[in-house]
Structures are given as structure tokens and as C-alpha cells.
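Dear colleague,

Please find below the structure that I am handing over to you. My notes on it follow directly after.

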Amino acid sequence: MLGLMQEWPLVCHKIIDFAARQHPHREVVSRSIEGPITRTTYAGIHANSKKIAQLLTREGYKPGDRIATLAWNTGRHLEAWFGIMGMGGVYHTLNPRLFPEQIAWIMNHATDRAIFTDLTFMPLVEKLAPAVESLRKVIVMTDAAHMPETALTNVVAYEEWLKEADGDFEWADVGEDAACGMCYTSGTTGDPKGVLYSHRSNVLHAMMACMPDAMGIGAKDVILPVVPMFHANAWGLGQSSPMIGAKMVMPGGKMDGQSIYELLDTEKVTFTAAVPTVWLMLLQYLELTGNKLPYLNKVVIGGAACPRAITEKFEKDYGVEVIHAWGMTEMSPLGSLCTMKPEYADRTGDALLDIKQKQGPAPFGVEMKITDDDDNELPWDGKTFGRLKVRGPAVASSYYGGDGADHFDSHGWFDTGDVAHIDEFGYMQITDRSKDVIKSGGEWISSIDLENLAVGHPDVAEAAVIGLPHDKWGERPLLVIVAKEGCSPSRDGVLGFMDGKVAKWWMPDDVAFVDEIPHTATGKIKKTALREQFAHYRFPG
Ligand code: ADP
């Protein structure tokens with residue numbers, strides 16, 4: 001027997017309809033690419049997204065067409081997303097930090113037909129366009145006055161283009177299972193793979209993200225997504241914020257400590273989210289200037305393990321709650337958020353920091369398990385680690401074009417490539433990427449735990465641990481360190497600092513000091529490059 005309730009498809013344009021109806025005057029503030037701070041509202045975003053949908057349809061783009069965006073977080077980028085989705089198209093976010101050849105490869109794989117871009121990326125688009133045969137149009141998100149000279153054909157200035165439409169347009173009649181967004185993984189192993197989000201998965205993911213024990217956000221919040229929209233959907237904030245009618249503050253292309261601080265302060269931001277590196281820059285800036293964060297309540301930190309020192313500084317020195325989160329492009333991207341269940345609610349001080357080192361429990365909508373290499377499920381005892389597998393309505397069921405089928409099993413579980421343990425209360429902790437875990441004498445050593453510990457040393461700016469060949473143990477850990485400016489920590493000083501805080505046999509066999517640690521386009525330590533760099537290294541003795 002079927003239920004007798006209305007069929008109300010979970011489509012993304014309903015989110016912006018809602019925001020414009022219930023929160024029309026709520027602001028979306030942007031640090032524009034041209035320079036000044038600009039302001040619009042959800043009513044304004046809605047009006048422009050209708051125009052974009054109308055224009056794209058008029059110009060022959062069809063539901064299902066992939067339309068790229070190569071842009072920073074701004075109000076214009078947000079309305080481009082809703083416009084593309086609203087005509088039935090698929091917004092395809094491109095990461096400008098990849099090499100041009102990689103971006104062109106991705107665009108060809110996705111057969112992108114048009115691109116919305118920022119002024120910053122015009123030189124890049126000029127390189128890409130000739131290499132992408134399917135590309136028909138370039139929309140530069142600026143006005144006529146700022147339009148650069150270009151040899152490209154079929155290029156328009158966004159604000160001029162919008163004048164050609166009146167916005168009198170019915171959203172496309174697409175089902176909730178239709179594709180609406182796309183993002184490629186950064187391809188640290190093999191070619192990048194396309195993740196294709198549906199309207200339904202985006203809507204459900206946005207609802208999951210807002211829940212009190214997830215991000216816990218509402219209309220009274222002022223949300224600053226520092227995490228780029230091209231990095232796993234700005235962790236869903238482009239949909240969650242309008243869904244709850246929160247004011248948004250968009251940082252544009254400036255993510256240094258001072259620029260972020262200015263927005264946090266002048267716009268009275270209450271909630272923000274980004275990778276640890278961004279927060280390192282902000283905390284350094286605050287330390288230098290003595291500025292405080294009187295308005296900020298919560299910061300979500302994820303994309304890489306959040307060092308204990310960052311959590312401690314935010315919570316103790318600035319009174320800001322840290323939510324450590326884990327996820328990935330394939331999960332839309334949220335997988336877990338470390339908020340406190342009653343079982344841990346009375347923890348304070350160091351005991352609380354211990355829990356916040358974990359990536360936390362999965363919200364409703366994400367199922368998790370850990371297994372051994374033969375797919376046997378492992379216990380949730382907070383110690384036993386294994387391959388982390390997930391499933392849920394906002395988790396990929398396959399990659400675009402059928403690539404990487406070995407990541408998915410017949411029961412719908414997706415192998416995340418991460419290694420983790422889960423405790424009795426459901427708190428998951430990542431111990432490594434499966435390809436980075438160090439296998440010493442048949443046992444596993446977590447490189448992430450060692451890195452977190454090393455960055456707690458007052459003279460260490462960044463740390464990476466890699467496994468290198470060892471005659472007796474198979475592999476042993478090498479700690480690679482970048483010192484803080486003006487500091488010169490010693491090998492024995494760092495090892496002495498770590499001693500006693502991890503099992504003896506986990507201790508790095510040696511420490512190497514470098515000026516810089518290589519990073520991927522999403523800001524993660526590039527362990528492959530580091531392993532190559534130290535390929536000829538031999539442990540002492
Ligand atoms: P990529 O395309 O580089 O994989 P993602 O942003 O999708 O980009 O990265 C997902 C991966 O990032 C996860 O599988 C995990 O290894 C790592 N990651 C994300 N958040 C955390 C975290 N809080 N702690 C440790 N690792 C994390």
C-alpha cells in the first residue's frame with residue numbers, strides 16, 4: 001500500500017525559492033573579485049538565477065548539460081549554481097589549483113558546454129578553451145567596465161548578459177534523481193574521477209548538515225564559507241545556508257588571515273568552515289595583532305585532520321567551538337561531525353580535546369563500518385582500525401563514466417580509502433589514508449597521529465610522516481618538519497617532545513627538516529611527492 005502524501009520532489013531550486021520567499025532581505029555579502037565588498041539578498045540571488053536559467057535555455061542548453069564554474073566563493077557564483085540547476089543543467093566546479101592540463105582533461109571528460117569564470121581566471125580560461133572542443137561560451141562574472149581584452153570568441157560580461165533576460169522563467173521540470181552538480185576528485189591516485197550529485201542528494205545533504213548535532217545552524221547565523229565552492233561543494237553550505245535563511249558572507253579570492261579576520265569582524269560572522277591551513281593563517285594573524293573573535297561561535301574544520309593545537313587555541317583563547325569534520329567529494333561531502341553526545345557532554349579541558357581529535361559520529365543519512373582486508377566487519381572499540389566504508393543517500397553510487405568501479409561493492413558500500421577506528425559511542429577517528437598507513441613489522445602506524453603530535457611542538461609549523469623502507473621492519477616512519485619562522489627546533493628536541501605520548505614502536509626513526517612540504521590542489525599533504533623526495537633516504541644505522 002502506498003502512502004497518501006504529496007509528491008514534492010526534492011529539487012534544489014526549491015531551496016532558493018524558499019529563501020527568496022521566507023528570507024528575501026537576508027544578505028549575501030561578497031568580497032568581489034574587482035575589490036569592493038558587494039551586497040545582494042536571497043531575493044536578488046533568486047532573481048538572477050531565474051535570468052541565468054532563462055538565458056541558458058534560450059541559448060540552447062539542455063537539461064543534463066554540464067556547465068563549468070571556475071570561480072571563487074561569491075554571490076555571483078551562488079546564483080550561477082542555482083541558475084544552472086534551475087534549467088536542469090549540471091554545475092561542474094573546477095579547481096583552479098590543478099594544472100591547466102588536468103583541468104582541460106577533466107572538462108573534456110565531462111564535456112562541459114559553457115563556463116562561468118572570474119576575472120582572476122581569464123588567463124587560465126584562455127589556455128583551456130582551445131583544448132576543450134565541447135566548450136561554446138565563456139561567461140565572465142564581471143561588468144562591462146571591468147571586462148578584459150581577450151582573443152576568445154563567444155565571451156560575455158555577466159552583468160551585460162543578464163540584461164538580456166527578464167527572469168520570467170519556470171524552473172525546468174526535472175525529477176529529484178536528475179543530476180544537478182559535478183565535482184572531480186583530485187586524482188592523487190590515477191586519473192580524477194567525476195562525482196555526479198543529484199537534486200535529491202544535494203537537498204538531503206543540506207538538511208543533514210543543518211541538524212543541531214551536525215553543523216547546528218539557523219536563520220540567526222551569519223555564515224562564512226571559506227572552504228571553496230570548488231572544493232567539495234563548500235561542504236554543502238551553498239545549499240544549507242539558503243535552506244535555513246542564514247546571512248552569507250563570501251570571501252572571494254582572499255583567504256589570508258587578515259582578509260578573513262576583516263570579514264569575521266565587520267560582518268559579525270557566527271559560523272565558518274575551512275581546512276586547517278586557513279585557520280593556521282588566521283590564528284597567526286590574531287596572535288600578531290592581538291585581535292579577538294567576539295562574534296564567532298563555531299568553526300568547522302575538516303578536509304584534513306585538525307591538529308589539537310588549533311582546536312585548543314580556538315576554544316581556550318577565543319571561546320570558539322570547534323567542530324572537527326570528515327568527509328570527501330564522494331560524500332557530498334559530509335561524513336561525520338564531532339559534536340558531543342550526552343556520553344561525552346561533561347568532558348572539559350584536555351579530556352574534551354581528546355574527543356575533538358576524533359572526526360566524530362556520522363549524522364543520520366550516513367552509515368559507516370570498518371572492515372579488514374577480507375571485508376569482515378571490525379568491532380567498535382576505539383582501537384581496532386580498518387578500512388572505512390560508507391553508504392547513504394548523499395554518497396556516490398558510482399563515478400561518472402563508470403570509472404573506479406572497484407571502490408563500490410554489491411551491497412552499496414563505498415570504500416573511502418581511509419583507515420579508521422570507531423569507539424563504542426560511534427565516534428570515528430581517521431588514522432590514515434590506506435595508501436599512507438605505515439606498515440611496520442606487520443602492524444599499522446598512523447601517520448596522522450604522529451603528525452598531530454609533532455605540530456603540537458611550539459617551534460613546528462607543519463609536519464608530515466611517511467613510511468620508508470626498512471630492512472628489519474619493512475617500513476618505518478620518517479618525520480618531515482617545516483619550522484616556524486625564526487625557530488630552529490632540533491631532531492632530539494622534537495623527538496623528546498613526542499616521547500611518551502605514543503607507543504615506543506610508533507616513534508619516528510628520524511626527523512628531516514625542509515623549507516616546504518608539497519600540497520595537493522585541495523590543500524592536503526602530497527605524500528606521493530614527499531615519498532619521491534625521500535626515495536634515496538636511508539635511516540641512520
Ligand atoms: P580529494 O579529492 O583530495 O580526495 P576530498 O576533499 O574529497 O579531496 O578529500 C577527502 C579525503 O580527505 C578523505 O578521504 C580523508 O582522507 C581526508 N580528510 C577529510 N577530512 C579529514 C579529517 N577531518 N581528518 C583526516 N582526514 C580527512
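Helices (H or I, at least four residues) and strands (E, at least two) are DSSP runs, numbered from the N terminus. In this scheme Leu353 is placed in helix α12, residues 349-356.

Two remarks on conventions come next. The model is predicted, and local features need pLDDT of at least 70, side-chain atom pairs count only at pLDDT 80 or more, and totals for chains, interfaces and linings use all residues. Residues are numbered from 1 along each chain as its sequence is written, and side-chain values use heavy atoms, with hydrogens and water left out.

**Domains**

The protein is divided into domain 1 (13-25 + 35-199), domain 2 (366-433) and domain 3 (438-533); such bounds come from an automatic or database domain assignment. Taken over C-alpha atoms, the centres of domain 1 and domain 3 are 41 Å apart.

**The ligand**

There are 18 residues around the ligand, and Ser186, Ala325, Thr329, Asp418 and Arg433 come nearest. A residue is counted as near if one of its heavy atoms lies within 4 Å of the molecule or strand in question. By class, this shell has 5 nonpolar, 10 polar and 3 charged residues. Here Ala, Val, Leu, Ile, Met, Phe, Trp, Tyr, Cys and Pro count as nonpolar, Asp, Glu, Lys and Arg as charged, and the others, Gly among them, as polar. Strand β14 (residues 321-327) gives the most to the shell, with 4 residues.

An N or O atom in the side chain of Gln359 lies 2.8 Å from a nitrogen atom of the ligand. A backbone N or O atom of Ala305 is 3.1 Å from a ligand nitrogen, and a polar backbone atom of Ala304 is 3.4 Å from a ligand nitrogen. Taken alone, the ligand exposes 570 Å², of which the protein buries 94%. Accessible areas come from the Shrake-Rupley method with a 1.4 Å probe, and for residues only the protein chains shown count as cover.

Buried means under 20% relative accessible area, exposed over 50%, and partly exposed in between (1.4 Å probe, protein chains only).

**Backbone geometry**

Ser332 and Pro333 are joined by a cis peptide bond, with omega about 15°. Pro333 is found in the loop between β14 and β15 (334-337).

Asn154 is not a glycine, yet has a positive phi of about 55°. Asn154 sits in the loop between β6 (137-140) and β7 (155-157) and, at 43% relative accessibility, counts as partly exposed. Trp235 also has a positive phi, near 55°, in a residue other than glycine. Trp235 belongs to the loop between β10 (222-225) and α8 (237-244), and is buried, with a relative accessible area of 5%.

**Further positions**

Glu312 lies in helix α11 (residues 308-318) and is partly exposed, at 30% relative accessibility. From C-alpha to C-alpha, Glu312 and Leu388 are 27 Å apart in space and 76 residues apart in sequence.

Gly442 is in the loop between β20 (438-440) and β21 (443-445) and counts as exposed, at 71% relative accessibility. Gly442 and His77 are 365 residues apart along the chain, and 49 Å separate their C-alpha atoms.

His470 lies in strand β22 (residues 460-470) and is partly exposed, at 22% relative accessibility. His470 and Gly441, 29 residues apart in sequence, are 9.7 Å apart in space, C-alpha to C-alpha.

With kind regards

Technical notes. Polar contact = N/O pair within 3.5 Å; in protein donor to acceptor, adjacent residues only side chain to side chain.
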